[in-house]
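Take a look at the sequence and structure first.

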Amino acid sequence: MRTVVDLTRCQGYAQCVFLAPAVFQLHGEEGLLYATAVPDDQVERVRQAAAACPVQAILLGEEVSAGAR
Amino acid sequence: MPGDDLKDGRIVIVGASLAGLRGAEALREEGFTGSLTVVGDEPYPPYDRPPLSKQVLLGQAPADTTGLPMRRDPDADWRLGVRATGVDPLGKRVVLDDGESLPFDRLLITTGTRARPWPNPEEAALDGVFTLRTRDDAGGLAKRLAAGPERVLVIGGGFTGSEIASACRERGLEVTVAERGPAPLVGALGGTLSKLAAVMQRNHGVDLRCGVTVTALRGDGNGRFTGADLSDGGRIDADVCVVALGAVRNVEWLAESGLAAGPRGIACDAGCRAFNMYGIVTDDVFVAGDVSRFPHPLFGYQMLSLEHWGNAVAQAEVAAHNMVSPGPLRRPHLTLPTFWSTQFGLNIKSVGVPTFSDHVVIAQGSLEARRLAMVYGYQGRVTAAVTVDMAKSLDYYRHLIEAAAPFPPPPGAADRAIAADIAIPSDVPDPKGLSHGPTVALTGYLPDRRLTVVQPTG
């Protein structure tokens, strides 16, 4: 699974950092860095983080598969 | 229902980008049931670029893991690794470099930009010289940074160049930034915040050289980059060089198309419909993302050219809606330009067009605190705001811009800065004197403003 955060929306509430610290980290006071590839054992935590995000900036999903035609 | 036939037919999207993917998803969301083909010249499915200059260069994410998650499967035919070489507007076909051509009823162009190359091709080909735009660029550069070079030279102090320098320092690498203008980010944020950017770079150990031009890149005779000559007579010894001189619009393939495509992008109306070269709007060719330029009522109906993630998403959604909706149900793309940058531990966010300004005030916080909200005004009206580590305040200023509120803005925040009434010149320089440009540019005409400069290459 892949994740992307709409950092235009992100306001640094950092709920995701508490819910899935292995994926989301603050960089400085409010800059967010995240693992773009979500390990299987973190998927549920990222789902929770996406649901808890106050500005609904987190998207979790599959990328377009390489063999798609 | 009228317009139902718009939900069927053949749609081709050229550009397997963020805008291309979100456009494809939105077409299905809007009820399009016809055939959908997405053409991309890179062999990869749509991927996210902002992490390339951050997580990837820091070694926290491999370059091949930034593939964009889908909101829904757009059920498209993905033609990846294939370049579109032209459009036949009468025959309504997209011509591909493998000799095939794709018929369409409606076309969405999302070909974006590429990195502006170093002007000397031989020097640009030296081993160790990079640009940073694609996944391959980032993968190659990250590998080189991980090998522990003695010094990295970054040419250009715009957002990309500054983020690269920040990543280098975080990895403990020596880095020199060469910028022709008076300070980093000055072309995007104006004089006051550029001073903060320069202080942040120097405090983090960047060897920042402003007011200089790199005149030549040097090799060791075996094709390996060893350093660069500067216009002030100086020389930088370095083993990696990143050319961060801004972006070039991918419009060359449209040269024979009859569309209004030029160095500043493809002109389109507020509904994302492309203009042809006579300035007549088409009804079957749509544009979204960095390759477009579109009019915005808040900025004097000048044409905006944006290189912003959020605009690619918002404009692709409007384009998709309008591609499957009859005239009266179409929507305008009126989103305000918004962007962010994370560098040297600071989170910089912007809304509006900071270069469309004559004065600024620091409305909250202060430069010394490294935490502030700066508001930009043009002729007595709020036109932009930039926050540094104060993102939660940005929405308030967005509303002021949308409402064309008077500048300086009235008291609004409990933590209003002492300097909030003191307007100082915004000090936006002529872009001709810079190595970097703004990532948002007005490309119309105002007698007292000259905010973009076009540098055709090749």
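## A leucine in a helix

Helices (H or I, at least four residues) and strands (E, at least two) are DSSP runs, numbered from the N terminus. By that scheme, B:Leu21 belongs to helix α1 (residues 18-29) of chain B. This is a predicted model, where local features need pLDDT of at least 70, side-chain atom pairs count only at pLDDT 80 or more, and totals for chains, interfaces and linings use all residues. Residues are numbered from 1 along each chain as its sequence is written, chains are lettered from A and ligands numbered from 1 in the order in which they are written, and side-chain values use heavy atoms, leaving out hydrogens and water.

Is B:Leu21 buried or exposed? B:Leu21 is buried, at a relative accessible area of 0%, where buried means under 20%, exposed over 50% and partly exposed in between (1.4 Å probe, protein chains only). Not counting residues up to four places away in sequence, B:Leu21 touches (heavy atoms within 4.5 Å) A:Val64, B:Pro46, B:Leu68, B:Pro69, B:Met70, B:Pro74 and B:Trp78. B:Leu68 is 47 residues apart from B:Leu21 along the chain, and their C-alpha atoms are separated by 8.5 Å.

## An aspartate in a loop

B:Asp290 sits in the loop between β21 (281-287) and β22 (292-296) of chain B. With 11% relative accessibility, B:Asp290 counts as buried. Leaving out residues up to four places away in sequence, its contacts include B:Arg133, B:Arg249, B:Glu307 and B:His308.

## Nonpolar cores

A nonpolar core is a set of buried Ala, Val, Leu, Ile, Met, Phe, Trp, Tyr and Cys residues joined through side-chain atoms within 4.5 Å. The largest one has 53 residues, and A:Val5, A:Phe24, A:Ile58 and B:Leu27 have the most contacts inside it. Helix α7 (residues 309-323) of chain B gives the most to this core, namely eight residues.

Beyond its neighbours within four places in sequence, A:Ile58 is in contact with residues including A:Val5, A:Cys16, A:Phe24 and A:Val46. A second, separate core of 50 residues includes B:Leu173, B:Val175, B:Ala244 and B:Met374.

## Where the chains meet

Chain A brings 28 residues to the contact and chain B brings 37 residues. About 2900 Å² is buried between chain A and chain B, with carbon and sulfur atoms giving 57%; this is the accessible area (1.4 Å probe) that two parts lose on being put together, summed over both. On the side of chain A that touches chain B, β1 (2-5), β3 (31-34) and β4 (58-61) of chain A each supply at least two residues.
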